Structure formats: C-alpha cells, structure tokens
There are 2 protein chains.
Amino acid sequence: MSMQQVPDSAAGAGQKFRVVIVGGGFGGLYAAKALGDARCEALELTLVDKRNFHLFQPLLYQVASGALSAGDIASPLRTILRKYKNISILMDEVLGIDPQNKTVQLRDEQLPYDALVIAAGGIHQYFGNDQWQPEAPSLKTLEDALEIRRRVFSAFEAAEREKDPIKRKAWQTFVIVGGGPTGVELAGTLSELAHVTLQDQFNRCRMEDTRIILLEAAPKILSVYSTDLIDHAVLQLEKLGVTVYTGAMVKDIRPGEVCIERHGQAEVIEAGTTLWTAGVKSSPLGMMISEKTGASLDRGGRLIVNADFSLPGHPEIFVVGDLAHYAHHSKQPEQDKTPLPGLASVAMQEGRYVGRLIAARLKNQRSEPFRYVDKGTLAIIGNNAAVGDLGAFRLKGFSAWFVWLFIHIFYLIGFENKILVLFQWLWNYFTRGRSACLITRYPEPRQ
Amino acid sequence: MSMQQVPDSAAGAGQKFRVVIVGGGFGGLYAAKALGDARCEALELTLVDKRNFHLFQPLLYQVASGALSAGDIASPLRTILRKYKNISILMDEVLGIDPQNKTVQLRDEQLPYDALVIAAGGIHQYFGNDQWQPEAPSLKTLEDALEIRRRVFSAFEAAEREKDPIKRKAWQTFVIVGGGPTGVELAGTLSELAHVTLQDQFNRCRMEDTRIILLEAAPKILSVYSTDLIDHAVLQLEKLGVTVYTGAMVKDIRPGEVCIERHGQAEVIEAGTTLWTAGVKSSPLGMMISEKTGASLDRGGRLIVNADFSLPGHPEIFVVGDLAHYAHHSKQPEQDKTPLPGLASVAMQEGRYVGRLIAARLKNQRSEPFRYVDKGTLAIIGNNAAVGDLGAFRLKGFSAWFVWLFIHIFYLIGFENKILVLFQWLWNYFTRGRSACLITRYPEPRQ
C-alpha cells in the first residue's frame, strides 16, 4: 500500500490546512499534541469533543471505589492544549460527516476539513440486553464512575440500616459481570474497600459478611494473559475475599438479583449491587462513517484502516484508537493478523503517529511506516498485588504493582494531577483509607 | 434560667444513655466530637444525616468555580468519627420527632433518645418565588456547587460555539443575586476565572467581554461589615471587573434574562447564567419541632432556644447551628439581643458546648454557661484580596486574604484534605490555573 499524499490544493500559499480531530481521548489528544508540536505554519486544527475534558480512563475504577476524586483523573482539554495557539477546541457533538464536501456536521455548524482524524472510541455494550443497564451500570464515563461509587457506598449504608439479616446480606453482596482487567480491578478494589478501609466503620453490619462475586462466561478470567499469571491473579483475588465464578453465563439481571447458569445449573444470586464490565463496542460514529465512505467494519463495529490509519479511498480521513481495526500490515502470515487491542497505550501510539504523518505531509517530508511497540498489559488486583505481561517480562505481585503505579503516574496528564494522585495513593497506602467515599446526587434515585 | 438536670432515670446502672444528633454539619459534628471525647461509659450516640459526609460549606464556592474538587471539601462522617467506638452513624432522613415518647422517626425505624440534639441547618429560599430556582440555582449543597460549575463552564463553551455576537454576549454574562459574603466570593472568583484563568483558552470568544454582575437589593453589599471595609470590597470587586448594582430589586428571572428595578427604573439583563445567593431559611424540621414541642420560631423559622440551647419545657432537646435562634442571654440591654449569626464558627461553638454540657450532666458535673467568642467574619474577594472584621481587628487586602487561607485550612476536616487543598491553592496561586474545571453530568440538561 503506497503512502498517498494529502491533496495539496488546500495547502496552497497563504491558505490554511484545516485538520479536524473528533474525540479528546488518548487517540485524539496525542494526535493533537503531535500536530501542535510539529509547528506547521499552515496548520489550523480543531478538536471536537462532547466533553470539556480528557479522561484518564485506566484510573476510572479508582473513582468508582472512592480512592480518587473525579478531578484527579480528568483534565480540561483547553488547559492541556493551551500552549498550542493554532489549536481550537469546540465542545460539540458530531452528528454526521460529509466526505464529498469534506465537512463535519456539528449541532449548530458545519466544520470544513482538509484532513479528518476520527478518535471517537467505544461505548459499553450489553449484547442485546440493554434493559440490564439500569440494574448493572458499566464503567466508561466519569458519570458512570460517580454512579457506581454512589451505589456501592449506598449499599453499605442500606445494609447498616437494614434489620432483616437476609436483606442485609443481599445489600452486602456485589456482583461484577466480566472478568477482564476492569472487572478484576473493580473486584479487587471493592474487596479491599469492604475488608480493609470500611472494616471498623459500621456498627450493625459486619464487613466480614460482604461478598464480592466476579462472573466470567469464559473458562478463565483475564484471557489475554498467560496461564501462570491468571492462576496468580485468581489466587490473589481469592485471598482478598473475591469469589471467582468462571463459565458463568448471565441469563437475567433484575432489581436485587442476578440469574446465572453455571455447569448447566441455574442459580440466582441476591445482590444489592451489580456492575457490568463485560463488553465494549465501537462508537455509533463508526457505522455512520462506514455508510458514508464505504469503509468496512469488523464484527466489533470498528473501521478497518489502511497501514497509515487512513480509510480506503480516503487518504484524508484517519481513524485511531478503539474505533480503528488495525491489522499488523507487516510480513506476518495471514492468520496472525489480529488487530491491535483496545488499550490506552495503543491509542496513544496511533494518535501520535497520525499527527506526525499529517505534519510530515504538510511539510512535504517523508514519514516512516507505523511500527507498533507492544507495551504489554498490567492489571492491578489490590495493594501490592498485580499481574503484568510486558512483552519479554512477566511480572506478578509487588513488582507488577509497583510498575503499574509508576506507569500510571507517568502517563497521567498534567503535573498537578500527578502530584495529587501520588499523594492520595501514598495516603491511602499507609492509612488504608480512601479520600473520596462520597455519595453525591441526592435524593438517591434507587432504594 | 436554671441549668436543668437531664432526668437521670435513663442513666441508671448498666443502662445506656442514648443521645441522638440530627445533622452532620458543623453543629452536629462538633457536638458528636465533644461527646465522644468526653469518654462517658454510659453513652450511646447515634448521628443521623441524609448524607454520608460532612461538608465544609465555606469553601463550596471554590468547587463551584472549578478551583477544588468535591472530595477536597467533604469528608465521610464514618471516617471522621471512626475512633469513637460509642458513636453510630445512620444515613437516614428524619421524618418526625415524638417528644412525648422520646423517639425520632426515620424512614424505616424509630430511634429512641434520652437527649436529642437538632442541628439540621438551613436551606436556600427564594422569598416566595420558587419558580426562579431552575433558572437561578443557589449554593448550599455539593450538588449545587457541581451544577453551578457545570453551568458556568458550559456557558463559556456555548459562547465559543455561538456566532451571533448578541447571543454570545449573553452567554458571557453572569448575574449573581445577593451581595452577602457568598455572592461576593462567587462574583470575585468567577471574574478571576474569566479574566485570568481562561484568558487565553478560547479562540472565538474574547474573555474581556465577560460581564459579572452582582445584584444587591439593599443600599450596600456585605451589610454586616463596617463602611470602610465595604468600600474596599466594592473597589476590589470593580478592579476585578465585577459590576456591582446596589438597590437592585429582582422582579423576575426567566430563561436567559433577569428583570430588575433600580432607582425606580425597570431593566432587563440578558444573562446566560444566573446564580442565587440571596436567601437562606431554616430547615423544615424547625417548623415540625415547633408544632410538637410548642417552641417559638423567629421570623426566619429558627427555633428560639434557652441559654443552654435546650427548648423551653424540653431540657432534653437541644438545637444548635443555623436552626437555633440564640439571643445573648447575658446582661445586655433588651435591644442588643440580636441572635447569633448563621456562621460556621458559631455552629461549631454551639455544638461543642452542647456536647460538653450533655457529657457533664451524665457525669454529674457542673457545666459553665455558654460564652460566645466572636471570631468575626472574613470574605474573600480574589487572589490577595479579602476583607475581615475580626473583633478588634479590621483587615483588608493581602493580610485579610492570608488570614482567611490560614483559618480555612486550619478548620478543614481531615489532615489529608488540608494537604490536598493547600497544594491546590498553592498551585492555583502560582499558575493562575484551576484544577477542577470539569463539566460533569452529560448530556447537558439545558441549552
């Protein structure tokens, strides 16, 4: 596949080359920074996002469990990008794109572009059971995290008020659907919350009675990891008091109960709180772009992109991050062409690459082909406990946990946030406390 | 008035003396801490609050303006009081009290008491114009602060999207109704936000066009202060770019506009955002208790209490904080008997006094009469600018500002919060930034 040149008609003398980036997550933000850093005179960049902040999603579960505040893991896009004078930010929603006329339709205006970078990410999915969502919220946005925090702490408060031991037990039961990294991290942190942080804070309800149940439909949790790391993770989770049910299919989720099937047996778990971490699908923008450009979608709804992340037939439209299906375009055999995973580190690399690519074309420079650096995956289980597959290294226990802390502080956006999070982690580590165990949004919608 | 003994029938051998405190604000929390610190063997204390946290209300406006996160100024009641083994906390709502049978009616249970401390505080009021509330939210709860933050930052985003200069001007106009300390602090901080923090963060809308209008019905703002401090405050506000309209009566508040009357002239201000800091009234619990106990209410709905904060005829029921009307019971002439003001420092002193009083009675010790220490008032206007009436001292400018910072850090609950707030203040001071400029709750309900 050849590196096509951006049509240079628009980049003519005096005229600005207009780039529009959709989405301020890892993909969009790193593309914007790379373009900003390239200092192209002719560049005029607009970043469009529905929200006014970049969210550091890998730490979202720490907001959900009351360890961090919302402000610690979110930074206003305007603050992050303020030093780039040729970048404008619009808090707006993309309603459509018109690849023929090269415009993006926002709520009140049409934004023309010469190059378009789509980094709209993904949303949670319930595999056709959207009716479960109110009973089992998922963890994708900052509001999701605050809602889960509200439900978790409200459940303990309800248990403290409850005099019927059966009902109290249900309030102290938390079911997490999905044994991927997010499910494991949530299960571990909730268990530590109940068994360590809140241990001596309640009078009527005994924290030892709290049950955290992690449900996974597959035969193993954390399926991307190697067997010894999975075994280690299960052991650590069980040490923390988490019950791990693998091969458990969720059949129904109703107020106060989760119906599952396991080893061919139907079972009903009475649980005051159910959380969903089982599925992610692409932003609906993917479908819309596919219809307009003829680009193919994979089964997960991701747009299949060229080796330079452009869409076939549209060298001026790029897709990066969770919305992109990027098969390794190297000399691998066909069967190894699994797409790059939906990770922050992947989105960062893709976004940065596309930003530099556009800048290089603008400057009429050659750009190298994309080379993916596998930075591996890390999942934290609890204090001093984590598992990591870092390419050549496999880490577990304290070393994995320590590397996890370091990486997350390093990549967290904003020096102020780094200090705030570091201080709170140190505080939480030594006091076993949590800073942000607040139930906001009153009166409570449920109960 | 004599110091009546708590009937000691309930405090007999082996039987617990049950104290119920309603409200975890300054009054209730300081009463609970004083009682806990007294280490009475016979004591069994239950603190009831609708929320699971104590809110440091004096810094609420800093959450509203994006300088601090919600978690920085709120601490979970269970964490604050965890060291007291004889204090239980119930997150529940008081639906009624029965002074004859000495019980408090909660949502699901009746709580018996031997002594009751009511510290339910106040709520905002619109003086019969409750229909204005959706258009002009007030600043009393954490959710109020987050809602105001959302509206303020959304207004700037809407201005950036807006192409019609008239409409853009309206989005950049903020009206604050009420020239008390909260109104002044909000006006000052919003002005600094627009003219300093956000100065270079927008491309289309010019921050110089932002108007902050402070409306006060009385002839002067900050009416409790002395004239020279008021003059200083007005000067500082104007220096920050705040327009101060005194003698301005609000006639109507509608979407996008505020109708006022000033010097007999009607005027309509087109404003995208209107905030209400004009009025506070007592919790509806005051009325309920008055009906049940025969205690008198003042015009503001506060319960008129005895010299020991008990209700007439009910030596076992105490009222402290914003819900109590406490006239100086000393040897002052009748006309000087203005009630103690609704300030955090007053509620703290009252709560602590009543806690110690109950403990002393339990131990059959004498307790001293209440002696109010006037700690004065301080209002911050902006960076390096504040006014303070501290009894003998009148402060203004940098010294008032510095004392204000010190006092607020000192009284902020929790060592961790002190560090977090101090760090963010230093950061904000030196970088002129704000940490928490997030628009949460999406999709936006208005616009």
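B:D308 sits in the loop between β19 (303-304) and β20 (310-311) of chain B. Strands here are DSSP runs of E with at least two residues, and helices are runs of H or I with at least four, both numbered from the N terminus. This is a predicted model, in which local features need pLDDT of at least 70, side-chain atom pairs count only at pLDDT 80 or more, and totals for chains, interfaces and linings use all residues. Residues are numbered from 1 along each chain as its sequence is written, chains are lettered from A and ligands numbered from 1 in the order written, and side-chain values use heavy atoms, with hydrogens and water left out.

B:D308 counts as buried because its relative accessibility is 7%. Buried means under 20% relative accessible area, exposed over 50%, and partly exposed in between (1.4 Å probe, protein chains only). The side chain of B:D308 makes a polar contact of 2.6 Å with that of B:S310. Another, of 2.9 Å, joins B:D308 to the side chain of B:R361. A polar contact is a pair of N or O atoms within 3.5 Å; within protein, one must be able to donate a hydrogen and the other to accept it, and residues adjacent in sequence count only if both atoms are side-chain atoms.

B:I439 lies in the segment after α11 of chain B. Its relative accessible area is 2%, so B:I439 is buried. The C-alpha atoms of B:I439 and B:F153 are 6.6 Å apart, although 286 residues separate them along the chain. Leaving aside neighbours within four places in sequence, B:I439 is in contact with residues of both chains, among them A:F53, A:M91, B:R150 and B:F153. Contact means heavy atoms within 4.5 Å.

That leads to the interface. Here 53 residues of chain B are in contact with 53 residues of chain A. Between the two chains there are 24 residue pairs in polar contact, both at pLDDT 80 or more. On the chain B side, β4 (74-76), α3 (77-80), β5 (87-91), α4 (142-161) and α11 (415-431) each supply at least two residues. Of these, α11(B) gives the most, with eight residues.
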